[in-house]
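Let's take a walk through a protein together, looking at the spaces in it and then at a single residue.

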Amino acid sequence: MTTLTETSVAGNDDRRENNRNNTNNYGFAGIDQKLMVALDVDGTLVDHDGHMTPGVRDAAQAVVAAGHEVMIATGRSLNATLPVIEKIGIERGFAVCSNGGVTLRLHPELANGYEIIHKATFDPGPALRALRERLPSAKYALEDADGNFLSTERFQDASFGVEAVGVDFHTMLEATAVRVVVFSTENTPEEFNEAIEHVGLAGVTYSVGWTAWLDIAAAGVTKASALENLRLRLGIEQHRTVAVGDGRNDIEMLSWAGRGVAMGQAPEEVIAAADEVTHSVFDDGAAHVLRSLL
């Protein structure tokens, strides 16, 4: 495990030398050889109020301008992801939304600048019934196959990207899901985790957030699974992949990447999955990693 600090970021003289040698301090090829760079959003590119600093924005834009395959890989749904893509200047390429449930191709000639090239759906019924029995007071939301959000208890979140439509629980059981979110305001994170372990969710992939928050996707679907499909499509070698993230839904992605970097404020199990740790989101940790790629 390497801790990435300010001195780990190559200076201009170092970068010139690295480019001459066609390698950098981390063993990756110089900028004339393309890297695949996967970036989480919340807690990585933006803080938990959704704010991206100029330092992070400028560093991300610079890596995009250098010609690397920079892609967002987030738990956010499509409409909540698009503003981040625009802010860091990605016009061509790919993005992973809904924790791997939705993959986009980006190109300015496409309608709205993107198209959905893959969507992984599942039957949410069994998981929802089991969770409802154990967590009757929790709030539930579901992203359906058409990109709509259905929710109980007037549950809304910025990561949805659209206004959720209030429905009863039975209606939610009959929908086809891309993403299911469960949130409890009446349980501690420890109680919430205990309830999920007791339920023993089967046939889905799930990750627990910072609070009593649960994201559920189709079985085997993670950010890493979607990124691997894109890596194969692009023909990029595994050792030329970089990923930066902070949450438990980033664990697979950080393990998958040739260079996995955890944010400084990440939980211990996320840090354990990474090759390096950078500064926290409050100290522009993502910018330090991105500048090291230039």
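Sorted by class, the residues lining the second largest pocket are six nonpolar, four polar and two charged. Keep in mind that you are looking at a predicted model. This second largest pocket holds about 200 Å³ of space. Which helix gives the most to its lining? Helix 3, residues 78–87, does, with three residues.

Now turn to the largest pocket, where about 670 Å³ of space lies. Its lining is made up of 26 residues, and those closest to the centre are Asp42, His48, Asp157, Trp210 and Trp213. Strand 11 (204–208) and strand 12 (213–218) each supply at least two residues of this lining. By class, the lining of the largest pocket has eleven charged, ten polar and five nonpolar residues.

Finally, let's stop at one residue, Asp40. You will find Asp40 in the loop that runs between strand 2 (36–39) and helix 2 (54–65). Is Asp40 buried or exposed? Its relative accessible area is 3%, and because buried means under 20%, Asp40 counts as buried. Who are its partners? The side chain of Asp40 makes a polar contact with the side chain of Thr44 at 2.8 Å, and another with the side chain of Lys223 at 3.0 Å. Leaving aside residues up to four places away in sequence, Asp40 touches several others, including Leu45, Ala73, Val244, Asp250 and Met253.

Methods. Residues numbered from 1 in each chain as written. Predicted model: local features only at pLDDT ≥ 70, side-chain atom pairs only at ≥ 80, totals over all residues. Heavy atoms only, no water. 1 Å grid on protein atoms, 1.4 Å probe; cavity = no way out; pocket = protein on both sides within 12 Å on 5 of 7 lines; lining within 4 Å. Points joined across faces, edges and corners; volume = space filled by probe spheres on them. Helix = DSSP H or I, 4+ residues; strand = E, 2+ residues; numbered from the N terminus. Nonpolar A, V, L, I, M, F, W, Y, C, P; charged D, E, K, R; others polar. Buried < 20%, exposed > 50% of the residue type's maximum accessible area, 1.4 Å probe, protein only. Polar contact = N/O pair within 3.5 Å; in protein donor to acceptor, adjacent residues only side chain to side chain. Contact = heavy atoms within 4.5 Å.
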